[in-house]
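This report looks at a pocket and at one of the helices beside that pocket. Please have the sequence and the 3D view open while reading.

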Amino acid sequence: MLRIFDSLKSLVTPELTAKAASLLGEDSAKVSTASSTIIASLLAALLQKGDTSTLKTVLEDAGRSNMLTDLNGLFANNISMKQKSIGNDFLGAILGSKK
């Protein structure tokens, strides 16, 4: 679990954190802390949810769309409708009505 967390956290680069902070009008250090908390919370939700066909489909869609190859683009108003849909589907699959 720690290796997965570290791997996901490494995707949140200082550049990405700065872009998110600028977009949110927040301090970069706070955004960095929040991103760690969000990643940990989503991993915990994934562990509780387990393997579902919906989640599997969402993750396959995310992989096919190469969403993780340009995370900086997510904060540059370059989000496609497909990426928005995958994000919503992912949160719905692991958080259900808590989304």
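## The largest pocket

By how many residues is the largest pocket lined, and which of them lie nearest its centre? In this predicted model, local features need pLDDT of at least 70 and side-chain atom pairs count only at pLDDT 80 or more, while totals for chains, interfaces and linings use all residues. Residues are numbered from 1 along each chain as its sequence is written, and side-chain values use heavy atoms, with hydrogens and water left out.

The lining of the largest pocket consists of 32 residues, and Leu42, Leu68, Leu71, Leu74 and Phe90 are those nearest the centre. A pocket here is an open set of points on a 1 Å grid over the protein atoms alone, where a 1.4 Å probe fits, with protein on both sides within 12 Å along at least five of seven lines; lining residues have an atom within 4 Å of a point. The volume, about 1,300 Å³, is the space filled by probe spheres set on the points, which are joined across faces, edges and corners.

## Helix H5

Helix H5 (81-95) is among the elements giving two or more residues to that lining, helices being DSSP runs (H or I, at least four residues) numbered from the N terminus. Gln83, Ile86, Phe90, Ala93 and Ile94 of H5 are buried, meaning under 20% relative accessible area with a 1.4 Å probe and protein chains only. Seen down the axis of H5, these buried residues fall within an arc of 95°, so they line one face of the helix; the arc is taken from the directions from the helix axis to the C-beta atoms. After H5 comes glycine 96, with a positive phi near 60°.

How values were computed. Buried < 20%, exposed > 50% of the residue type's maximum accessible area, 1.4 Å probe, protein only.
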